[in-house]
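New notebook page, new structure. I'll jot down what I look up as I go.

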Amino acid sequence: MSFSTLGLAPGIQQAVQETGYTDPTPIQAAAIPPILAGRDLTGIAQTGTGKTAAFTLPILTRMVSEPAARGTRTLVLAPTRELAAQIIENVREYGKHLGIRSAAIFGGVGEKPQIDALRSGTPIIVACPGRLLDLMNRGCADFSNLKYLVLDEADRMLDMGFLPDIRRIVAKLPRERQTLLFSATLSREIETLSRDFLRDPETVEIGKRSNPAATVQQVFCEVQKARKPALLSRLLEDPAMSMVLVFTRTKHGADRIVRQLEREGIRTAALHANRSQNQRQRALADFKNGAVRVLVATDIAARGIDVDGISHVVNLDFPPQVEDYVHRIGRTGRAEAAGHAISFITGEDRDAVRALERATGKVMPRMLPEGFDPGDTREEGPPPAQRQQRGGRSGQASRPPRGGYDQRGSQGGRGGSGGGGGRSGQPSRAPSPRNEGYRSEGPRNEGPRSEGPRSEGPRTEMPRSEGFRSSEGGGSGAGEERPTLRGRRSRRF
Ligand code: AMP
């Protein structure tokens, strides 16, 4: 399918062409026709799938066909300033031949221009709920002519507690309107929201729910908590990690990593809520144009970051929620490009890791960077029996962090029933760009656990694998979809 068959306005088609897109992405192909036909729509699509254009292009087309209309006609609600800023950027890019004005409304910057934009009836408003509601309550906005409402990343808006604000905003909008809701996941709450705000919506779902972008090679790195910063430095010795987005749990943690990397001569910037809007924009711009190699971010600030060419996402702290993992790694591998996601895991992440692997139906390959032996994690609380076993490895653990990486077998389906025990026994392909830097120990589920230096098995408990079998041929490296999933893991989340 090509863009020319979708029925977009000529000026928009031209802009799309100039942007360099050749074909619509699946969410665009599926969503644009019903939106053009005036239908409400619930779009379930992962981040990075092209969903912004999926709603922007048809809305712009419809707006062009109503030249006489006045006032604000389109309102897009988004959870974060960064996402709102990016949507506006896209709207302007796709609408550059149309002369339709647009404005962003969010906190952290002066409100005067935003009030002016609302008062003058700017046709397209992209807003974060908090600031918008504030200005609406002060009588600055007139949405009586509104025809199109988009709730983007609705799941995240709910997570962030915006539901009451959203309800108040929507209550003040005309009932006769077209409403589009986009979410990475389809939870019960999202279904309720759709029922409340949308009318007979078409539902378009791209990809499996809760499944990370298929274009991202994923690997987990077991590491002692205190050694995470050193491991990050080690990984960054690899020049293939050219554009790296690092996620930390806390703002202070982010600042600490920035200071450390800067000391080591690695250009790094931070993106989190303690930074002013200007600092955040500068950090993003520097990251985009290559002035900094590493951007360290917290979840909320990084939401919606749309930067092409991110080579690696590093989860320095493993995210507690599956959705956050999906969103984080979706920052790389965007629009079909290949990307890499490396997640550091400690004993504390056991439950979150298990939840993720259950939800995605994948067991991620483990990588053991040499010198960062997870045997070091033994003080994080393994059973006494294991403590005994590991005694002999202390010399190994204290090796200097030089040399390559070990990679463990990627399938944790140890003792899996369904015939997966016959995995090839080939080392999994290393998921990082520097393949020669890894050593694989082969799949975990082969051979008795008393063999070899890793015989005590992973620190992180893996989900049980009853009811499905591993894919054949050792092709599991980097968490590819396993085609033979059955049973519990194949259920939808
Ligand atoms: P989104 O999911 O809207 O954040 O888009 C993810 C990325 O895909 C952005 O960098 C877009 O510029 C890009 N993109 C959107 N549509 C297309 C397309 N049809 N072909 C190639 N890239 C696209």
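This is a predicted model: local features need pLDDT of at least 70, side-chain atom pairs count only at pLDDT 80 or more; totals for chains, interfaces and linings use all residues.

**Strand pair to start with.** I began with β1 (residues 41-44) and β6 (residues 178-183): they run parallel and are joined by 4 bridges. Which residue of β6 is the bridge partner of T42? I found L181 there.

Next I wanted the strand order. I read it as β3-β4-β2-β5-β6-β1-β7, an open sheet of 7 strands with parallel pairing. The edges are β3 (102-105) and β7 (202-205), each of which pairs on one side only. On average, neighbouring strands here are turned by 15 degrees against each other, ignoring direction.

**Strand β2.** Are the faces of β2 (residues 74-77) buried or exposed? I looked at both: T74 and V76 are buried on one side, and L75 and L77 are buried on the other. Then I checked the neighbours. β2 runs parallel to β4 (residues 124-127), with 4 bridges between them, and T74 stands opposite I124 of β4. With β5 (residues 148-151), β2 also pairs in the parallel sense, over 4 bridges; here L75 has L149 as its bridge partner.

**Two helices.** I moved on to α3 (residues 51-64) and α4 (residues 81-94). Their axes come within 10 Å and cross at roughly 45 degrees, which makes α3 oblique to α4. The crossing is right-handed. Which residues make the contact? From α3 I wrote down T52, A53, T56, L57 and L60, and from α4 I87, N90, V91 and Y94.

**Chain as a whole.** I stepped back for the totals. The chain has 17 helices and 16 strands, and 50% of its 493 residues are buried. Among contacts with a separation of 6 or more, 76% are between residues 24 or more positions apart.

The mean pLDDT of the chain is 75, with 72% of residues at 70 or more. Where does pLDDT stay under 50? I found that stretch at residues 376-493, and the model has 216 contacts beyond four places in sequence for it.

Definitions and conventions:
Residues are numbered from 1 along each chain as its sequence is written. pLDDT is the predictor's confidence in each residue, from 0 to 100. Two residues are in contact if their C-beta atoms, placed from the backbone, lie within 7 Å. Two strands pair if DSSP finds at least two bridges between them. Axes are lines fitted to C-alpha atoms, for helices over the stretch in contact, and angles run from 0 to 180 degrees between N-to-C directions. A residue is buried if 20 or more other C-beta atoms lie within 10 Å of its own, exposed if 12 or fewer, and partly exposed in between; C-beta atoms are placed from the backbone. Angles under 35 degrees count as roughly parallel, over 145 as roughly antiparallel, 65 to 115 as roughly perpendicular and the rest as oblique. A crossing is left-handed if the near helix is turned anticlockwise from the far one by less than a right angle, and right-handed if clockwise.
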